[in-house]
Amino acid sequence: MTLPATDTVVTYPDGATASTGTVLHVEPLAEGRSAVLLDRTACHPVDTAWPDQPADHGTLTTDQGAHPIVDALTGGIHDGVLHLGADLPVRTGTEGWTFVVAHVVEDPPPAVGAAVRVDVDPTRRAALSAGHTACHLAALALDAALAEAWSKPAPTDALGHPAFDALAIESSRIHPHGSTDTYRIGRSLRRKGFTPTALDDLAAVAERVDAQLAQWVAAGGAVRVDRADDAFSARRTWVCELPAGRTDIPCGGTHLRDVAELSGVTVTLAVHEVDGGLELTMETVATAA
Ligand SMILES: [Zn+2]
């Protein structure tokens, strides 16, 4: 069976939750499962290198029947070999590779050449999109709340504040209606000018973050994902029109269409001592309007 020579076309960045396509390849997996590659899909897979937003839930339907999508992984093809999920050794977008969305189904899988409809669970998608939009807003609000914590000029975010989120982020996990972000405050961040004592009064920091978020939610603002083309590995950017300006954050996930779709976003901050510094976690909770 030949593997695709071009990326999967993806429609989820524009908010699609259904698509039609053709089965291009079926890769047998362990435990009676198969990975199904289509020419195009509305299904958002989890990224291997930066697994922030989990995979969509949904169904592949052919005229032979329905196949629940039990997982959706990022695949990379190089030298005629398909590398899936944890076995993918490169970041999505690496030159010389073809990147595909792998829909994992229980056997028997649909046949190569079959016409397939993809239906994504819209309720879970909407909850993840709310969580992802809130995650980015909270990161920008955290940058703003810690703007005075820097002793020298640092790279800035789209709103002009020192980019604490981009410089300190260790992991980001999107959940339905929320996210958990973990930041590392170690020697390298201190060298860049960050003063860890800014986190001594964590309640005050969280209050400033929440106040900023409340203001943004009240104002609303259009949200979209910009991209050069519809290939899976094309660079995508989260663009949000906030009263303070237009933001742009590289992002492979899905989002709301307007901040006004949220009625509230709040955060909880916690600091733990770790080897060589501190770890800050930010739990973000979004309420739908
Ligand atoms: Zn994102």
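Along the chain, the donors of the zinc ion follow the spacing H-x3-H-x114-C, where donors are N, O and S atoms within 2.8 Å of the metal (3.2 Å for Na, K and Ca), and sites may look incomplete because water is not among the atoms. This is a predicted model, in which local features need pLDDT of at least 70 and side-chain atom pairs count only at pLDDT 80 or more, while totals for chains, interfaces and linings use all residues. Residues are numbered from 1 along each chain as its sequence is written, and side-chain values use heavy atoms, with hydrogens and water left out.

Select the zinc ion, and you will find it coordinated by His 132 (NE2), His 136 (NE2) and Cys 251 (SG), at 2.1 to 2.3 Å. His 136 lies in helix 1 and Cys 251 in the loop between strand 15 and strand 16 (262–274), so this pair ties together parts that are 115 residues apart in sequence. Both His 136 and Cys 251 are buried, that is, under 20% relative accessible area with a 1.4 Å probe and protein chains only (exposed is over 50%, partly exposed in between).

Next, select helix 1 (residues 122–145), which lies across strand 13, strand 14 and strand 15 and runs at about 65° to strand 14. Helices (H or I, at least four residues) and strands (E, at least two) are DSSP runs, numbered from the N terminus; contact means heavy atoms within 4.5 Å; axes are lines fitted to C-alpha atoms, for helices over the stretch in contact, with angles from 0 to 180 degrees between N-to-C directions.

Finally, select the 3 strands themselves, which form an open antiparallel sheet in the order 13-14-15, two strands being paired if DSSP finds at least two bridges between them. Strand 13 (223–227) and strand 15 (245–250) stand at the edges with a single partner strand each, so one side of each is left without a neighbour in the sheet.
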